[in-house]
Amino acid sequence: MTDKPALKLKRLQDMAVKGRRALVRVDYNVPMKGSRIEDNSRIRETLKTLEHLIAEGAKVVLVAHLGRPKGKVEAKYSLRPVAAELAKLLKRPVAFADDCVGPSAEKAAAALKPGEVLLLENLRFHAEEEANDPAFAKALARNGELFIQDAFGALHRAHASTAGVTRHLPGAIGFLVQRELEFLDRVIGNPQRPFLAVIGGAKVSDKLAVLDKLLERVDSLLIGGAMAYTFLAAQGINIGKSLLEKDQIDAAKAVIEKAYNKKVECLLPADHLVVREIREDGAAVATQAMAIPPDMIGVDIGPHTIEFFVERIAKAQTIFWNGPMGIFEMPSFSHGSRAVAKAMAEATSRGATTIVGGGDSLSVLAKAGLAGKMSHCSTGGGASLELLEGKTLPGLAALAS
Ligand code: AMP
């Protein structure tokens with residue numbers, strides 16, 4: 001698959017689960033407004049694994065985290081609304097226990113009959129979860145007889161529910177994790193060419209390692225979003241008052257140089273939408289050139305850039321996209337991101353492999369109604385980037401035999 005040897009991972013379908021308590025780590029870190037779930041995609045993504053377990057007569061015990069309660073019990077981070085939503089989607093009751101360890105969890109888990117489902121309360125109500133505390137991992141493991149890892153978005157963290165628990169239970173990867181690995185493998189291992197990556201967002205520092213690795217694999221790299229300004233500044237181009245990571249200028253120069261040496265086409269925006277002040281109703285104008293006037297702020301890629309980014313996407317066979325092209329949260333500055341999303345959808349329909357990672361890019365797709373038009377939408381932005389960097393994800397290493 002990559003430069004490193006493949007991990008040997010057991011799959012859910014290779015495990016005998018009938019009548020056994022399966023402790024399943026899922027990613028139910030869903031966006032909430034009060035006690036309302038704004039987007040249930042993460043719950044829906046786990047249904048295939050859960051329906052398999054139910055059909056095979058397993059007793060299903062789900063563990064997950066929600067938000068960042070930092071080791072304290074906080075009602076607004078309770079997973080109780082998720083249990084209700086899951087029950088609706090599964091069309092069967094889902095029991096809920098007020099704690100993920102201790103007597104209430106163990107009692108509820110012990111009461112399960114084959115095919116029944118239980119969700120345990122937020123793992124992160126215990127600081128020991130993120131600390132990967134061995135005693136906590138052992139306590140968690142008491143709720144199951146085997147462990148299924150299906151929380152792709154949590155695999156790049158070594159926590160009690162992703163790493164520690166695997167020392168106590170035989171484990172396997174669920175269908176969601178299998179699908180994620182299969183698609184990312186396709187990109188990493190043997191992509192159909194031309195292979196193009198579109199990378200955006202604000203922070204260069206966050207994405208440097210992945211840019212460096214991508215240069216070894218892609219034919220073209222398109223850079224948009226605020227991070228493009230640091231790359232432009234590294235070329236001596238005026239970027240006005242746009243976001244700049246000064247301490248990343250040398251790193252940006254190194255990326256451009258590596259692209260040149262490897263004969264990878266590295267495209268930066270040739271024009272921009274700029275404003276004097278970032279406001280929802282702020283009038284944006286397009287620049288006529290790469291440079292941004294001294295008193296202006298870049299908020300999106302410009303029309304010419306959109307045109308040539310779309311043209312490149314139209315010619316590619318494998319396209320990976322992570323990060324918005326502008327301040328997409330404000331509709332007036334979301335043209336670039338939406339154009340990329342649309343071009344990716346068209347590429348999918350003509351047979352290219354399109355993969356999108358990262359919450360912001362997924363949110364662009366959802367708003368544009370294009371989420372179903374990609375070959376693969378990764379549920380874990382951080383985890384997918386780390387895989388592309390060639391890192392071994394702790395949650396997978398812990399499971400490997
Ligand atoms: P990241 O977390 O690094 O992926 O960055 C995502 C954020 O980048 C989003 O919230 C965008 O609003 C922001 N962003 C993208 N383009 C720009 C820009 N031109 N100026 C300021 N922020 C931007």
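This is a predicted model: local features need pLDDT of at least 70, side-chain atom pairs count only at pLDDT 80 or more; totals for chains, interfaces and linings use all residues.
Visitor: Where does domain 2 lie in the protein's numbering?
Guide: The protein is divided into two parts. Domain 1 covers 12–180. Domain 2 covers 191–388.

Visitor: How many residues of domain 2 are in contact with domain 1?
Guide: The C-alpha centres of the two domains lie 35 Å apart. Contact here means heavy atoms within 4.5 Å. On the domain 1 side, nine residues take part. On the domain 2 side, the number is 11.

Visitor: Which residues of domain 1 lose the most area to domain 2?
Guide: The size of an interface is often given as the accessible area lost when the parts come together. Domain 1 and domain 2 bury about 810 Å² between them, with 53% of it on carbon and sulfur atoms. In domain 1, three residues together give 59% of what that side buries. They are Phe152, His156 and Glu180.

Visitor: How many charged residues are in the shell around the ligand?
Guide: In total, 13 residues surround the ligand. The closest are Ala202, Lys203, Lys207, Glu329 and Asp360. The shell has five nonpolar and four polar residues. The charged ones number four.

Visitor: Which residue has a polar side-chain atom 3.2 Å from a nitrogen atom of the ligand?
Guide: Look at the backbone first. A polar backbone atom of Gly298 is 3.1 Å from a ligand nitrogen. A backbone N or O atom of Gly326 lies 3.4 Å from a ligand nitrogen. The side-chain atom at 3.2 Å belongs to Tyr229.

Visitor: What share of the ligand's exposed area does the protein bury?
Guide: Take the ligand alone first. It then exposes 500 Å². Of that area, the protein buries 79%.

Methods. Residues are numbered from 1 along each chain as its sequence is written. Side-chain values use heavy atoms; hydrogens and water are left out. A residue is near a molecule or strand if one of its heavy atoms lies within 4 Å of it. A polar contact is a pair of N or O atoms within 3.5 Å; within protein, one must be able to donate a hydrogen and the other to accept it, and residues adjacent in sequence count only if both atoms are side-chain atoms. Accessible areas come from the Shrake-Rupley method with a 1.4 Å probe; for residues, only the protein chains shown count as cover. Ala, Val, Leu, Ile, Met, Phe, Trp, Tyr, Cys and Pro count as nonpolar, Asp, Glu, Lys and Arg as charged, and the others, Gly among them, as polar. Domain bounds come from an automatic or database domain assignment. Buried area is the accessible area (1.4 Å probe) that two parts lose on being put together, summed over both.
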